[in-house]
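Biologist: I would like to go through this protein fold by fold. Please set out your terms as we go.

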Amino acid sequence: MALTQRLEFRQSQSLVMTPQLMQAIKLLQLSNLDLAAFVEDELEKNPLLDRANENGEPPVAGEASPERTEFSDRDDFSAGVGEDGGDRSDFSEPGGAEAFEPGTEEWMHRDLGSRSEIEQTLDTGMENVFPEEPAEAAARTAQDAAPTAYTEWGGGASNDEGYNLEAFVAAETTLGDHLAEQLAVAFTAPAQRMIGQYLIDLVDDAGYLPADMGDAAERLGASPEEVEAVVAVLQKFDPPGVCARSLSECLAIQLRDRDRYDPAMQALVEHLDLLAKRDIGNLRKICGVDDEDLADMIGEIRHLDPKPGLKFGSTRVQTVVPDVYVRPGQDGGWQVELNSDTLPKVLVNQVYYSELSKTIRKDGDKSYFTDCLQNATWLVRALDQRARTILKVATEIVRQQDGFFTQGVSHLRPLNLKAVADAIQMHESTVSRVTANKYMATNRGTFELKYFFTASIASADGGEAHSAEAVRHHIRQLIENENPAIILSDDTIVERLREAGIDIARRTVAKYREAMRIPSSVQRRRDKQSMLGNALTAPATAQDRSRDTAPA
């Protein structure tokens with residue numbers, strides 16, 4: 001086969017991802033918080049972008065903008081506030097009403113000699129001749145005193161606009177800081193403090209040290225006995241249970257702090273796996289106590305804190321702000337509207353661009369402002385298109401899931417991205433980006449838009465398919481309403497669901513049950529029997545105690 005060179009003309013079509021198209025796609029999948037941060041960044045970089053007022057109108061001409069302040073050569077250099085009670089210091093020209101009168105400054109040019117000569121001439125000290133004025137004394141006292149106003153602490157502004165309340169909020173104490181403060185008091189030797197600080201840095205948010213600290217002693221150049229001695233001291237720090245290496249050790253430390261770590265309690269703490277399985281019979285034999293004492297011991301275990309470190313430096317929970325509101329309409333339908341508070345309001349400053357275009361002479365400046373105008377225009381269009389797309393997708397979701405809004409989770413229909421994309425004539429990837437990190441506030445709570453997209457489970461009688469979320473809700477209701485004497489197994493739940501018209505396999509029921517963190521039938525039987533036994537023994541114990549305390 002011979003290799004030759006030749007020229008060919010070929011015509012084809014392809015989709016080119018322009019920067020503007022990539023920006024529009026990026027904005028679709030951003031949450032409202034990320035979108036606000038992105039728009040703030042664009043406002044700082046683009047001089048032709050302006051933040052609109054609350055009613056969506058551009059800034060009124062003549063109003064001072066906090067981001068854009070203009071200065072001129074005719075401005076007066078004055079500091080302070082005028083009629084509102086602030087100080088004012090004007091730099092006026094000399095020769096005014098406060099100028100010196102003729103002859104008043106002649107004495108200043110005389111040579112009076114040194115301080116000792118003046119005191120010898122006056123036959124007294126200088127402090128007796130020129131005593132300190134009350135105003136000067138008050139000024140010196142005020143200068144030495146601590147500042148009382150927030151503007152005196154820094155170079156802050158003299159009005160309320162420069163006041164930042166967050167600057168006065170105390171920093172939250174973290175677990176590491178709390179332990180480091182106790183470390184400085186507990187140890188005096190530098191080597192022990194170094195080992196203690198190294199171990200404190202290994203403590204996680206829950207307050208635990210790693211179970212296997214590995215080569216900690218080798219890294220620190222200390223013996224394992226020295227490291228264990230420091231760990232023993234750290235475990236006595238506040239909060240009780242901190243610096244433990246396992247759950248059993250954490251609970252044991254808290255029980256020692258309460259003086260309740262007896263041999264029976266030690267046996268219970270060392271067999272937490274049996275307690276998790278509700279194996280009361282084996283626990284009673286191992287601990288050597290009766291049912292009443294064992295119930296009291298389990299009650300004490302439940303009052304302990306398994307994660308003592310979470311009391312310090314816990315992260316604040318960010319409240320979910322919905323992007324869409326769904327309200328009942330007057331005609332019996334549903335009214336879908338966007339949350340205007342989450343939509344950034346920006347405008348293109350065409351007036352500023354027209355003024356600049358008249359004065360710009362350099363080609364580089366012209367191209368820069370032309371790019372700024374194009375980017376600003378595209379950003380405004382992309383934000384508008386994003387809002388319209390979210391509203392369109394949300395409206396279609398409400399139309400498809402009308403039964404959920406009317407009757408609840410049990411009437412949630414199976415829905416996929418393709419069904420919504422075909423209904424609104426968009427691509428599935430666009431719908432997927434729109435539903436990411438977006439929330440809808442409804443009459444039944446606030447849900448992520450992806451919550452309404454669930455898999456379908458076939459019907460047993462060949463009818464309409466069921467939503468996976470509705471099936472999970474049905475399984476939860478069956479387990480919550482089961483009789484404590486007759487616990488439903490997974491096979492029994494499958495039979496009940498098939499009677500309700502839901503064709504589902506046993507492994508699917510087990511998968512849904514584990515996803516909802518519902519224990520197995522064996523575990524639920526032990527839990528409910530122990531609860532029932534505690535409920536029956538409590539009245540009998542109270543009756544025995546009243547019989548013992550009755551007068552003879």
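Modeller: Contact means heavy atoms within 4.5 Å. This is a predicted model, where local features need pLDDT of at least 70, side-chain atom pairs count only at pLDDT 80 or more, and totals for chains, interfaces and linings use all residues. Residues are numbered from 1 along each chain as its sequence is written, and side-chain values use heavy atoms, with hydrogens and water left out.

Biologist: Among contacts between residues at least 6 apart in sequence, what share joins residues at least 24 apart?

Modeller: Take the contacts in the protein between residues at least 6 apart in sequence. Those that join residues at least 24 apart come to 59%.

Biologist: What percentage of the 552 residues is buried?

Modeller: Buried means under 20% relative accessible area, exposed over 50%, and partly exposed in between, with a 1.4 Å probe and protein chains only. By that cut-off, the buried part of the 552 residues is 29%.

Biologist: Which strands stand at the edges of the open 4-stranded sheet?

Modeller: Strands (E, at least two residues) and helices (H or I, at least four) are DSSP runs, numbered from the N terminus. Two strands pair if DSSP finds at least two bridges between them. The order is β5-β4-β7-β8, with mixed pairing. A single partner strand each, so one side left without a neighbour in the sheet: that describes β5 (334-338) and β8 (445-448).

Biologist: Which helix packs on this sheet?

Modeller: Axes are lines fitted to C-alpha atoms, for helices over the stretch in contact, and angles run from 0 to 180 degrees between N-to-C directions. The helix touches β4, β5 and β7, and its direction makes about 160° with that of β5. It spans residues 363-400: helix α17.

Biologist: In β8, which residue is the bridge partner of Met440?

Modeller: Met440 is itself the bridge partner of Val324 in β7. β7 and β8 pair in the antiparallel sense over 4 bridges, and a hairpin of 2 residues joins them. On the β8 side, the partner of Met440 is Phe447.
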